[in-house]
Amino acid sequence: MHRFTITTLGCKVNQFESEAIAQKLSDDGQWVILRDKEIADLCIINTCTVTQKASMQSRQAIRQAIRSNPGARIIATGCYAQTEPDEIKKIKGVHHVIGHFDKHKIPDMILAGKENILPSPVLKHKLHHYNSMPSAGLGYRTRPFLKIQDGCNSFCTYCIVPYARGPSRSLEPKQVLDNINKIHQAGYHEVVLTGIHLGNYGIDLDKRKSGLFDLLNRIRKSCTIDRVRLSSIEPCELTEDIIKLVAQSGSGPGKICHHFHIPLQSGDDFILKRMHRPYLRSFFIDLVEKIHMLLPDAAIGVDTLIGFPGESDRAFENTYSLIEQLPVSYLHVFPFSARKGTPAYSYPERVDSKVIKKRCQKLRTLGNHKRNVFYNKFKGKTLEILIESKQSKANGLLRGTTSNYIPVLVKGEDKLKNTMAHVAIDEINDNNQVFGTIS
């Protein structure tokens, strides 16, 4: 029996791809994944390069795998492997750098025999078809990811992802439905639909009615899984039709979770234009207010990118005040990171790192307040959760998640993991921990 590890950095798409690779290797019977400190025969590092820090962490993860697993074959893949293969090749001990064009082939390469794993030529041309991977890894995650889209056509001026992932490509609708049904048949209650640019699902398919709204309609009609959750979706692609469909999906099979994660990036019109974002602050305000009107219980998460070149004090305050006035539920706050190969890398008017850090902290404090206000709206109410964990060693409690993305801690037995339960929300503490009682 051969032993392997897989280390994942970055987004949900990377996590899905790692789980898919691990599942196919494990299913073969010749390979077993290690989750402790045993020495592996093979180490796969699925890298990220969305920020300078992510690239650094990817290099660190590769070096750590080499140090901890003497004699192991080392494979680096993912976005950093795609955009900076020569940097990875400088690391002594790396055997193969495999770009996105061949990433889906990794399990077959390994199963064919370690000696037959060949270095992948890093992608020099654009991908125009969806490289299908096996279904999500159905082992330890209670809410499996399902990648239905890859790539991006937007080319925001700060973002390296389109250069790493190629253009938008979609999984055929029938394959999406088949995968969801397989996940449900395997005993799971929720699936998270994910992609690099999820709202662009279907634009590459040469068929009528192949967009995200139409896909969600088909899921509602033909899939019996309890819940379907959308990962991050761009503002202009979160249409009123999709919002209404979510509002009308009810509580039966195929319910679409009352949860939207929407990248704002900036609340200042000048900065949005400089970022090459296709909307203004007024559009975002209207969108969030529309969601709140149609789905007052929905969680609305927002991404912000702070310290973009040219972001003045006033521009930052425009972002802060916009979020402050809107019924936003939580924030993800990212400092700007200049990525070589993007237009913003050479933009003048760089913001001092200390200023960026201070602005990020101010916005994170606002985000914590927003989260607390949102959670407290549901104190005394009964919500349905999917229990995701066994009893915590720290507090002896189970953890579950509501449709509207509230993590709830409850008392209960380990056998309740991966079951649906109704809970009364009892308390929200100062650390935004939510406690409930199974009813």
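Student: In what order do the 3 strands of the open sheet come?
Tutor: Strands here are DSSP runs marked E of at least two residues, numbered from the N terminus. Two of them pair if DSSP finds at least two bridges between them. In this predicted model, local features need pLDDT of at least 70, side-chain atom pairs count only at pLDDT 80 or more, and totals for chains, interfaces and linings use all residues. With parallel pairing, the order is S11-S12-S13.

Student: Which are the edge strands?
Tutor: Look for strands that pair on one side only. Residues are numbered from 1 along each chain as its sequence is written, and side-chain values use heavy atoms, leaving out hydrogens and water. The edge strands are S11 (259-265) and S13 (330-335).

Student: How many bridges join S11 to S12?
Tutor: S12 covers residues 299-306 and runs parallel to S11. In this pair, His259 stands opposite Ala299 of S12. The number of bridges joining S11 to S12 is 6.

Student: How many disulfides does the count give?
Tutor: A disulfide is a covalent bond between the sulfur atoms of two cysteines. The rule used here asks for a pair of cysteine sulfur atoms within 2.5 Å. For Cys159, the nearest cysteine sulfur, that of Cys156, is 6.3 Å away. The count is 0.

Student: Is Cys360 buried or exposed?
Tutor: Buried means under 20% relative accessible area, exposed over 50%, and partly exposed in between, using a 1.4 Å probe and protein chains only. The relative accessible area of Cys360 is 2%, so Cys360 is buried.

Conventions. Helix = DSSP H or I, 4+ residues; strand = E, 2+ residues; numbered from the N terminus.
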